[in-house]
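Reader: Could you take me through this model in a few questions, starting with a strand and how its neighbours are arranged?

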Protein chains: 4
Amino acid sequence: MKLQNGAEYIDSLRRLKPVIYYKGKRIADVTRHSATEPHVRAAAMTYALAAKPEYRDLATATSHLTGRTISRFTHVHQNIEDLIKKIKLLRILGQKTGTCFQRCVGFDGINAVYSVAYEIDEKYGTDYLARLKNWLTYIQDENLMVVGAMTDPKGDRSKAPADQSDPDQYVHVVERRADGVVIRGAKLHMTGAVNSHEILVMPTTALDERSRDNAIVCAIPIDAPGVTMIFGRQAGDDRRDKLERIDVGKPKFGVVGGEAVLVFEDVFVGNDRIFMNGENDFAGLLVYRFAAHHRANYGACKTGLMDVLTGAVSYLAQIQGTAKGSHIRDKVTEMIHLSETLYSSSIACSAEGSPTPSGAYMVDTMLANVCKQNVTRFHFEVARLATDIAGGFIATMPSEYDLKSAEVGHLVRKYFTGVADIPVEDRIKIGRLIEAMTGGTAMVESMHGAGSPQAQRIMIFREGKLAEKIKLAKALAGIPQNVKPKGD
Amino acid sequence: MKLQNGAEYIDSLRRLKPVIYYKGKRIADVTRHSATEPHVRAAAMTYALAAKPEYRDLATATSHLTGRTISRFTHVHQNIEDLIKKIKLLRILGQKTGTCFQRCVGFDGINAVYSVAYEIDEKYGTDYLARLKNWLTYIQDENLMVVGAMTDPKGDRSKAPADQSDPDQYVHVVERRADGVVIRGAKLHMTGAVNSHEILVMPTTALDERSRDNAIVCAIPIDAPGVTMIFGRQAGDDRRDKLERIDVGKPKFGVVGGEAVLVFEDVFVGNDRIFMNGENDFAGLLVYRFAAHHRANYGACKTGLMDVLTGAVSYLAQIQGTAKGSHIRDKVTEMIHLSETLYSSSIACSAEGSPTPSGAYMVDTMLANVCKQNVTRFHFEVARLATDIAGGFIATMPSEYDLKSAEVGHLVRKYFTGVADIPVEDRIKIGRLIEAMTGGTAMVESMHGAGSPQAQRIMIFREGKLAEKIKLAKALAGIPQNVKPKGD
Amino acid sequence: MKLQNGAEYIDSLRRLKPVIYYKGKRIADVTRHSATEPHVRAAAMTYALAAKPEYRDLATATSHLTGRTISRFTHVHQNIEDLIKKIKLLRILGQKTGTCFQRCVGFDGINAVYSVAYEIDEKYGTDYLARLKNWLTYIQDENLMVVGAMTDPKGDRSKAPADQSDPDQYVHVVERRADGVVIRGAKLHMTGAVNSHEILVMPTTALDERSRDNAIVCAIPIDAPGVTMIFGRQAGDDRRDKLERIDVGKPKFGVVGGEAVLVFEDVFVGNDRIFMNGENDFAGLLVYRFAAHHRANYGACKTGLMDVLTGAVSYLAQIQGTAKGSHIRDKVTEMIHLSETLYSSSIACSAEGSPTPSGAYMVDTMLANVCKQNVTRFHFEVARLATDIAGGFIATMPSEYDLKSAEVGHLVRKYFTGVADIPVEDRIKIGRLIEAMTGGTAMVESMHGAGSPQAQRIMIFREGKLAEKIKLAKALAGIPQNVKPKGD
Amino acid sequence: MKLQNGAEYIDSLRRLKPVIYYKGKRIADVTRHSATEPHVRAAAMTYALAAKPEYRDLATATSHLTGRTISRFTHVHQNIEDLIKKIKLLRILGQKTGTCFQRCVGFDGINAVYSVAYEIDEKYGTDYLARLKNWLTYIQDENLMVVGAMTDPKGDRSKAPADQSDPDQYVHVVERRADGVVIRGAKLHMTGAVNSHEILVMPTTALDERSRDNAIVCAIPIDAPGVTMIFGRQAGDDRRDKLERIDVGKPKFGVVGGEAVLVFEDVFVGNDRIFMNGENDFAGLLVYRFAAHHRANYGACKTGLMDVLTGAVSYLAQIQGTAKGSHIRDKVTEMIHLSETLYSSSIACSAEGSPTPSGAYMVDTMLANVCKQNVTRFHFEVARLATDIAGGFIATMPSEYDLKSAEVGHLVRKYFTGVADIPVEDRIKIGRLIEAMTGGTAMVESMHGAGSPQAQRIMIFREGKLAEKIKLAKALAGIPQNVKPKGD
């Protein structure tokens, strides 16, 4: 793999010229702009770990295509061990960055497209898998970051893609040429897009025959003509943009994945970069597999974030002199309990993984959906408990400008002191870290990233094997198995 | 009452010269500074409602001291009807401002100090109540805003006030003179302080004999010499300070009560403004009564905020075309259910109110504590549900600068459209409103305002009448009442 | 009122000859049969309290029809004070019986029918209210117990009443005569039916034009020809039937209301006892009002039960030596907190009550539904906490036969001892009380009595005033009120 | 293994003569007594599965001692695969019996004692492991059922073992002889004891030097002289004892594990059956390991029970015509979600297992404790949801005697009919199954089996690695790692 560490990754980004807007202005260099630099740094950590001996086993893998050592984030899972190593890697990255490191979306997209391309080829005699392998070898060898692009704007959600008044609400092919296709539309919430090298476009939902033009999977360089990104606002973004060091809470890394709107205005894609083209019957399967992989991850990376939060409030309680209170201990216990419950489903859906026909391994989809559903509950509860333990000062503290002020700095120092011998700055920094990790954007991302809660519930019901469970109940109640209500 | 409406209140503030710092700089005029103006407007609403016929019955009262019409926020509750009217008033104010309107702290302080002054006088033959009545008549007639100042910094919380290495961690009398006292210390989280006329200082906890110097209750003008305020940071404060109209979410009013650190550097208080001075045995009772009144309020004002949130997500769901989904309806139902459950305890603790020896009415303290405890759960859950219904765009939306940009504005408009005929700005504004009301500071305030959750649990256990409940159980189980474990 | 106390009530039951079956056999005397006697005793408590000076103010009222003193359970609420007194009475009765005392169903039925009869008369010029007043005066003067009969079997619930293959699945008029009607059908879950004097039949749901024969409200003596009851099984009923004194847990009173199936096999009802007859457009309103009254009650009586449970586990913790553990205290605190939260909604919906056109007072329906919804959550959680504190022995204790056994009694005594000086029987009795109050039937009744949870959610959504809440949100977000999505 | 199937197991029990009392009388034959027969049948299923080809891989293992095929329930886990297979086996057994099949306690005891005996031998030069291997080879070859006996009565729980006024409250050695020891005391809640062949006695808690006589681990035949059992009462036990076929709910198997009090009145144990004797410093480790194994299991077997409940309510909803309601589907989804969340932790703690010094594999103790903690929440919530979906009839249904009655049987049939074509008996049977599985004893067992909730919380806090988590937070907040509060 060409990019060997974080610095090389950052250098590589400087050679690209993507079109990115933020607060109404073009961003010239994502690696040096205050809005995007923290996200670049978080993504760089995925490169950095691969270079450290103690993490290499988790952070790299051996390519099944080339036999070469590659970043795990470009790997196609070959067995259960791969799935579990990924989970462990993500928890560590969550612990080290306290935020989204963005590289999973492309990773999961690669794995989902790989297995589906195999099955399309089987059914239709296409050569998508061969094309994908070529592109993927390039990605692996160069060690590129890929943004998986799935979520369409959807317009009026009570209507199907084909019924939208504006067809661009779902990315679609607007022109077919001998050498490729032209696509139009947009993808929302694109994590890590602005600092990726490549885009992997995928459909956002199962598609019927009327929506064959939406059934497009393809790879596009991030700075291809016609690609525009608009970087979103986040909680606390102005503190970050003003380069505050304390009040921003987590000065080095961002609060989320640096999401952007990604617009395709008649972008051309050559045939060698197209991995699905009109096979609408496979769109649902692709979404299903991508979603399962992605949902599994959330129980790992978010557990890493919760680990940080648990550490932060534990330290703050020590500083404030409350750490030995039985109710504080009980709340910390609950934070750990919820974190580990969440982590369990990431491990479990990996341990129960199984191969697809292509040989690529899938997580257990039921448990992966269960995992993400719990993220949408537990992360909020952990944040609530952190807020409880931390105390009201995380909402009312004076700014770092006041802390450093000649007029009132001494008052801030005097009245925000905790136990003896701990600098008041430490207390304030920990308070700001908790503020940054429990408020707003960070939580919303846990709710909707990898699919909103209802999406998981639909899957959980569908995969619940109710007919089998009914058999169990009948057997125990002494009811013959052959009696059934009509229509059920 | 002299100040008849919001404009007169705002004018009155301009005549004061309090010392306020924010982001390291002095604020010259709270009514015109971007950081404080929204909070001034929210407080002004308490004046405005008194001027509107449809709210006058709730927003005003008849003074039991003078018989004159006064703002309810300066009234001493004379009966259950007063208590219930207050609750209804607060819910309406919460609905109209979507935030804290700040005037309850002084209101509750007045009521608590009133009843306790009576009892101190009874026991010690002091004349605190007479002094208080004089001052209160002034407050009522002028219609002044009073900040109730209770929460001390507390330093190392594992130690009692008398055991702190820095005695200033709890406000205390540092000098006693014939004509008054000099106090030193600070109060944190002072809601509405910067736009109040007067400060009502109260102790923060029960006090033993060693802490008689902390047993001080007194009134101080907000711009008295030696008083300094440092205005705190809030989530999204930079958007507010930059006068953004959409991205700030709630352009007119703030996200919380505009909390400040309030420092007393050797402030002199004359005898006529002192309402407790060394009677440490009454400190606990005062805190108990203040806390009960204040906790009761949270079930009213926060229900108002939840009403707004419920309306916001309902409208957003309509715009997005999801309003008819059964899971959306169910989540909205849950939001209403939690809001009304919370409101019930505010109403109930008022309906179960009773007179103190002074004649001033108290809420039922058990139910008032139960009320606040539920705020610390239900507001978070309502916010979580709002986040769920709203969708991920509240975390990833481009800024209003992008919306108005010549280069990308059309893309934002195109891809953030919902159902036909609703301007895209409306969707974005509602999204930003939800963002502002669910993230960070707003939630922390619900957790810790009026006392952290554990403070309520201690009260709930204490007032749980376990001995009586044990009798009930024994009677039903057929166990003689006279058999009891030793030491219980 | 004729029946002055529990003994007179019990005597009065002996003069009736209702047809009741239990475990396949006819019950000759409900006051002396092991299955029904505990329920008779619980109902008798409603009579007993009226005779005790300390409870008379709550347990009796002054009839608005006659001016005479009557049991509150036969009263039509005339003001908010009446509503609140009812709530306080029910909590005390719950505390004293630890179970359902059964008299609310008829009580609420009387109040709902009263106000609806007035409105039917207004619209159709009928004389239902006059008839009802006659019958009600009789009920009040005699002080009779009335079972409110609402819940029909419903057959296939995916079908409306008029679409059932068996029309008897909803009680209906099968014959109309000059002097009255003949009805057929059944009512399920009839609390207190077997020890009531009278039945008040009501429809179970809103009815369309096709179901006018189901729109029947009438009063029937419990031993009228054609009325048959089948008494249901309950958790632990065999221990009760075998007259065990310890293992039954609550030897004097039952675990629930003594529910029965109530069958009408062509029962004739005279015109003077008919209060609705074909006015299907009022069926929904009747159910709505009955349900609101009844749901309000659950927050009172069940709080009484939770008080008993809280006392029971507190005492058991003392006996076991665990009462001072911080986690035990915290769980007891939570039990109290949930109980009082629940109680708050009963008080609140009463304090917010208002008059119907007839003058009879209604509770606030939103808060009453909120109240019952919380019963279906909090009673379960309180029971779970009780189980947690109690310990595993409530599931594994030897029987009272073993306790008294010559061979092993000494071993039971030795190994179930707790702290010194408390008889081992006390620990076992408390354990059995907790077992009886947390398992099975008792909990199911809390879930479904007064309507299943979804019934409340439908009401909460309907009464949520979403249009008004949307206005609040628009105002704060700065959105014009006149822009609305089509069709919403 | 000698006992090849359920029938052979049952025969083997008939050859034993244990002393068992129930309801004051001696039980002559556990395989034919109504109280114990259902539990024997449930345990027999562990033998039966080993005989079925489709389950053999899960239900048997290869002994690491002899290389022979043995029941998995007598196996010492050799790797992660063993741990996971156990989990899958337990879920299936839970599904097939709907109750506790009792064999895990001895299984987990064997595994815990094995690894600890190795470490005692290492430290003290004893030969406990050799003795254990001899005994275990006998257990494996004969395929015997072993009851793990841990929970002591504990007397006054505020006191340590050595401080009890009655030393017998903790099993202890009362006499030491050359050939063995004599023990006295009792063990409570002994699952499966009455139908086991052998007892494996273990201490119940960590022990200090004063309690060396309590540090005893040994094996005792179930019918050894001095061993007495008293079989406990359970919810619904009388229906079972009267051999009711419908109302008992689950006619073939019991509701729990058939718990008994197990008393040792000066029982002699020979040296070859002693595996710890005075090494109090290892008591805590033994409990820790036993508890972790046992807690891991609960996420498997209880998930099996929840599967049955989910099937039962799904079928009942079909019969009642409510299965397609969105709120029913949502509640079923939640039941599945909670079940699978629970299952995840069983799988995860196994997948994260690791070897002890003895080579025997341990589950991850953090995740195992997390697993059990969730049982104490989710099983209750699943039961609550089942009760919600089922409807009130499970609390009010007439008995099967009424169903079969000549007088009222036709009424029960008529009014408990659901959708067409499903026999009314089926509805009633499913209702009774749900009643049996959600009420009382069954739930208490989930709460306290394998340790009460607080026991898990203590472990979760201890294993939470707070120091490491604090480091993570400091790193992200930019705080030097070397600054630490004193004493933390």
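Reader: Which residue of β10(A) does A:Ile20 stand opposite?

Author: This is a predicted model, in which local features need pLDDT of at least 70, side-chain atom pairs count only at pLDDT 80 or more, and totals for chains, interfaces and linings use all residues. Side-chain values use heavy atoms, with hydrogens and water left out. Strand β1 (residues 19-22) of chain A pairs with β10(A) in the parallel sense over three bridges, where strands are DSSP runs of E of at least two residues, numbered from the N terminus, and pairing requires at least two DSSP bridges. Within β10(A), the residue opposite A:Ile20 is A:Met229.

Reader: Which residue in β11(A) is the bridge partner of A:Thr228?

Author: Strand β11 (residues 260-270) of chain A runs antiparallel to β10(A), and five bridges join them. The partner of A:Thr228 there is A:Val263.

Reader: How many residues of strand β10 of chain A are buried?

Author: Buried means under 20% relative accessible area, calculated with a 1.4 Å probe on protein chains only. On one side A:Val227, A:Met229 and A:Phe231 are buried, and on the other A:Thr228 and A:Ile230 are buried as well. For the strand, spanning residues 227-231, the count is five of five.

Note on methods. Residues are numbered from 1 along each chain as its sequence is written. Chains are lettered from A and ligands numbered from 1 in the order in which they are written. Buried means under 20% relative accessible area, exposed over 50%, partly exposed in between (1.4 Å probe, protein chains only). Helices (H or I, at least four residues) and strands (E, at least two) are DSSP runs, numbered from the N terminus.
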